[in-house]
Amino acid sequence: LHTRVKNVDRAASRKKALEGGLFGATRETERCVESGLRFLESAQHIGGWWDGNEKGYGGVIGCEPAYTGLSMLAYLGAGYTPARGKHREVIRRGVEFLVATQFYDGSYPVTGGGDESWIFAYLIAMGVWGVNEAYGTSIDKEKAPLGDPILRRAAQAGVDYLARVQTPGG
């Protein structure tokens, strides 16, 4: 991975959008975002994962890395990180789950069928995306130009895996 973008402070960008009324941001939309994040926090397992199949959610069984990666995107996209913000503990647990459950080849355990499953690449990509976004928040051009080494390794392994399993023609 070679980062090509400057440091982005999503929390500051979110605040600027709200203050300027940009992209449809209003106090009401911000309340909705925070309400959604509180809901996700209440649904997170103590081990850091989310399970979209429990509590009547109707999700796919055995896809915890995918649900966790997607949940991480909600927090990270809102400007929270594992290092700062009121949701840092939720994010830290989610990221630790994703790093701990990643296979050596960069993939994740997915619902029955493994690589033969009709949905395996999508499910694995959601976990990889969550790790990559968390890794991106750990990069600071001045203090930590390469970011967190554990997240960097997990992010690279995930990207390498997805490149290996990509079908001809994309």
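Me: Which helices each supply at least two residues of the lining of the second largest pocket?
Reply: In this predicted model, those helices are helix 4 (88–101) and helix 6 (149–165).

Me: Which helix gives the largest share of that lining?
Reply: Helix 4 does, with 4 residues.

Me: And which residues line the second largest pocket?
Reply: The lining consists of P82, R92, V95, E96, V99, D148, I150 and L151.

Me: What volume does the second largest pocket have?
Reply: Its volume is about 150 Å³.

Me: Changing topic to helix 5: how many residues does it have, and what does it reach from its first C-alpha to its last?
Reply: Helix 5 covers residues 120–137, which is 18 residues.

Me: Which residues of helix 5 are buried?
Reply: The buried residues are F120, L123, I124, M126, G127, V128, G130, V131, N132, A134 and Y135.

Me: What covers the buried residues of helix 5?
Reply: The cover includes helix 3 (64–77), helix 4 and helix 6. Helix 4 and helix 6 also contribute to the lining of the second largest pocket.

Me: One more topic: how many disulfides does the structure hold?
Reply: The structure holds 0 disulfides.

Technical notes
Residues numbered from 1 in each chain as written. Predicted model: local features only at pLDDT ≥ 70, side-chain atom pairs only at ≥ 80, totals over all residues. Heavy atoms only, no water. 1 Å grid on protein atoms, 1.4 Å probe; cavity = no way out; pocket = protein on both sides within 12 Å on 5 of 7 lines; lining within 4 Å. Points joined across faces, edges and corners; volume = space filled by probe spheres on them. Disulfide = S-S within 2.5 Å. Expected span 1.5 Å × (residues − 1). Buried < 20%, exposed > 50% of the residue type's maximum accessible area, 1.4 Å probe, protein only. Contact = heavy atoms within 4.5 Å.
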